[in-house]
Amino acid sequence: MYSKMEITCFRLALTWITLLAVLEVVFSSTVCPGKPNFVTSSTNYTYANISQYFSGGQHTCAWVIERNDCGGKGIEVTLTNLALHSSDTITIYDGPSEGYPVLATYAQRRNNYYRHSSSFGPKQSSGRFATVVVRIRSSYDNRRFHLRYRDAVTGLGVPLSTNRSNENAVSDRCGDELLLAYPTLNSITSPGYPREYGNSLDCKWKIVSDDVCNDDVIQVNIHALSLEDTYDHLVFYDGETELSPVLRKLSGNKKQEVIIASGQSMLIEFKTDDTAPGRGFHLTYFRTIATPSISDPVTTKVTKNMAEMVADFMSTTPHSVVFFSKDGGIIQQDVRHTLAVTKAKVSIESEPGVKVDGFRASLVITDPTSQDFGVYKVAVKNAFGVSESVVFLKSGYSVPVIENYTVFPGNATIMVKFSSDPNFKVEWYRAQKLLTARHDLIMSTEVYQSEDENKFTYAANLIGASPIEPVYGDYKCVIRNDVGAAEIYIHLGFPDTELPKLLITPSSVEMNDDVMTMSVNFDSNIAYPTATWYHGNAQIEASEKYRLALNRNGINSSDWLSSGYPISESLANVSDAYQYPSLGGDRTSTHPNANYTATLTISQFTPEHFGSYLVVLENSAGKANHLIDVTTPEVFPYATCNQGGTIQLACNVTSCSDVSLSWIHSVGDVVIRKLPGNQDEAINTLTIPVCIYADAGTYTCVGTDQETGSDVVINHDKTTLAVGSVPVLMEPTVAIQADLILIEVPFYAEDVRRITWYRNGERISPSGRDVIDTDPSYVNVSIHGIIKRLSGHMTSIRVFSPTVERFGIYKVTITNDMGSSELNIDAGNPEYASPVTSSDIRVTYDGSSALLSMTFTSYFPQSSVKWYFKGIEVREHHPANKYVIQTNSSNQVHDSDQSVRTKVTMSSTLTVTCLKEEDYGIYDAVVSNQAGKTVVPVRLAESGLGVPQLVSELVINKTHSMAEISASFHTPSGYREISWLKGGMALNNSSAKYHIVNEVVDMEIFTDGETVERTGVITRLDVTSLTDQDYGLYTVQIYNEFGMTDNSIMLDKECT
């Protein structure tokens, strides 16, 4: 059973749920939207009940609420049940973003929290959008508030009748902006305008009508546009997204232009790349009627034989019908009535003085009668409807006719002469505003000539009482009478005294290597002057080759505003933000707006860049021109030549006397060579037929007066020759240690693109064991025989813990724009570099056979031996069984550690049977293993012929602590190797125990019964510090190309 209280609560809850269902209340999410949440209101309440714990940093809850009907009463917003911190704020904006006026701002004042019962009465927006922003400024706490909104209705809420639409606003923020278009103008500029905009921008502005309950369309008027041509764009879409049709895509520099959408929305997108920004753009936007717009007034002209009515109009869509009517009837074209519609430049109401493409409708009546005069209507129809304008065609009088006007800049006066009937009215306009007489502006009208009783000639005068800068500019004068009106636009320019003025300091032309700089100093009483450069008739635009700069007191124009330069009136959007200097002010260099410098810098200039340059200095008062003559120098300042090409350097010196010219080639402060060149009258030409890297440097033209012998002064006497060559590689260094191979290659090159290392034909990828570095380094470069220390590079490779496969031939290839250079470096293992470390050759004879034996040692077990005779491989199984080859096997040797090799001794014997004369000669034993190949030549001669001959047997000379063993021999072809052995073990000079000396001597030899002189050799082995181990059999082996002779002797210990 339920208690009475429970039943009561249940009934209350049921009643509340039923009531909400009847009211069709909508609940939105209870979670705070971090980004703006775009929602739509309706006639019923929509609730956003937020109760959330916020942690860490600041948080923002934002709703953009749109009314999507034609109620026209705005949106009603109410906040209740507030539980927020004292630092939190709630702001309601009268529009689709925070850039619009504030309806209300709430902040807590007591006890740090809003009480649970706190609430605020409803606030009502003035248009179709309202934005609610709640900022949570402290964390780690719970917040609660209820937001309620709906379409506003009469009698509810508190309409802010004093709230004004966001008129005359300027948007230059880059992002996704939602803007409302009103009947009045608002502006959009590029970020930072008129300073240069940033790189890599992607800005979007979506413009929608503030009132969806009409057929108005969005119109954009472009006032200024200066973008990087081709790469930066301003795109206009006929709708709200990039999928909408493109109305226009603009880039570069454009004049004033009008762009009109076909509906109530337009998307503008501004994209830039990462280079060369421009000044940007300035445009205005508003909503306007979609039906044709007919200019007011329609002008008339009446003469004795003709009456004419002219109406200018614009239409956002193609017009379908244009007609004139009178008394309800449409005027038909006939012999007396001529109706014409032509294209014309027409004025637009939103931008006085701006003319855009439109149309002109005219009705000409020939020989008009009294019935032709009266009230006419001109009508233009398009897809959205019909627009009409009424015109009164009056007999006897015509609209005012403006005959001419005169401007007097000195005292800021405009005089307009016109003719009209006496009943006229003169109106003066400035910046769309009707002017009234005041203390600094005097208006008057006077008759200066009378022609007849019905027509008079007048002068309308506008006089600036205090001719300061704001008085000057564009004006419109309108003359109205009963028939119609005439208007004229007049520019009141500054007096000539306010033109930019060149300062006394002369213009300068500087040439440094391949850069030429021209500068002009001037002053201007009027802020924001400009400088435009011309070469011949062509205007110079900023590019990579041409750099344009305008400085004031050393500060570039892009930084003027941040350096205290006055902000311009157009930037401030207020008329009194900056009072320009008074006219006739101080023209000295101390003037605040003086000391401007216009600079033109040309990089990589060529002879075509010499000649006359015109710089046009301009401010609001007008233009001043200055001519700079850049004469051709005696020596062109720089020259380039690619490797293998031909270059000619010319020195042209005009003198009253004969001048002998020559050249000095230098690098830095070192003179490399003196060159005569080829002189033809006043011109000396130095030809370098084949350019190489050593030809680069400075070439100085020197002149000597042939009559006096004195030096001739040459103003521009130097040229810098740059030679594009492949990299120049110097001698490498190789350092091999137990745990490291270090190879360093110094080189000299410009603009290195790639460095590649190879080992044994395979490309090396950098790793922990193969470390490749390239660093700047001074290198010694040979320049035509002179060593000059220049700034170059050092590339190196470090190979850590090298194993056998990391030794071998290294190659480095260095590539630049001109090509590649490569260098091979031998980094063989010092222990295992040779396939065969030693060999022992013997030739013995056995009857008609000869045995060619070779014993060799190798650090690689897998070895093979092939024998060749006269270039042909000797093979076994000869048809006559002539050859027998025996090579001992090495497969039993185990090579477990390649970094520590095992020394292997092997042998190979070639037996040649049935010796004949043609079998004698040199046999090559080719030993191959992992390290490479070795060719061991073995000469087979007739038995005993040509082998080394001992002149005397081995002799021992012995002292108490040393023994000297020596032998004398001679050989006709010289010896190839002498080896000493003890007990079969080879001896060498690597220890202090043994010392081997081979001495070439002249000796007498008895042969064939005669004594002859021959060149022989005495070989001597010294055995020091004799011990018991030193005694035994010693053998000497003497090799030449024919074979080997050996002899042995026993070193005995003497008995004591």
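Buried means under 20% relative accessible area, exposed means over 50%, and partly exposed lies in between, for a 1.4 Å probe and protein chains only. The structure is a predicted model, in which local features need pLDDT of at least 70 and side-chain atom pairs count only at pLDDT 80 or more, while totals for chains, interfaces and linings use all residues. Residues are numbered from 1 along each chain as its sequence is written, and side-chain values use heavy atoms, with hydrogens and water left out.

**View A. Cysteines C477 and C914.** C477 is buried, because its relative accessibility is 0%. C914 has a relative accessible area of 47% and is therefore partly exposed.

**View B. The disulfide of C174 and C203.** A disulfide is a pair of cysteine sulfur atoms within 2.5 Å, and by this rule the model has three disulfides. In the one shown here, the sulfur atoms of C174 and C203 are 2.0 Å apart. The link between C174 and C203 is left-handed, with -100° about the S-S bond. C174 sits in the loop between strand 11 (170-171) and strand 12 (176-181), and C203 sits in strand 14 (residues 202-209), so the pair ties together parts 29 residues apart in sequence. Strands (E, at least two residues) and helices (H or I, at least four) are DSSP runs, numbered from the N terminus. The two partners can also be described by accessibility. C174 is partly exposed at 38% relative accessibility, whereas C203 is buried, with a relative accessible area of 0%.

**View C. The disulfide of C641 and C691.** The S to S distance in the disulfide that joins C641 to C691 is 2.1 Å. The torsion about the S-S bond of C641 and C691 is about 105°, so this disulfide is right-handed. The pair links distant parts of the chain, 50 residues apart: C641 belongs to strand 49 (residues 638-642), and C691 to the loop between strand 54 (683-688) and strand 55 (697-705). Both C641 and C691 are buried.

**View D. The disulfide of C651 and C701.** C651 and C701 are joined by a disulfide, with their sulfur atoms 2.1 Å apart. About the S-S bond of C651 and C701 the torsion is about -85°, so the disulfide is left-handed. Because C651 lies in strand 50 (residues 647-652) and C701 in strand 55, the pair ties together parts that are 50 residues apart in sequence. C651 and C701 are both buried.
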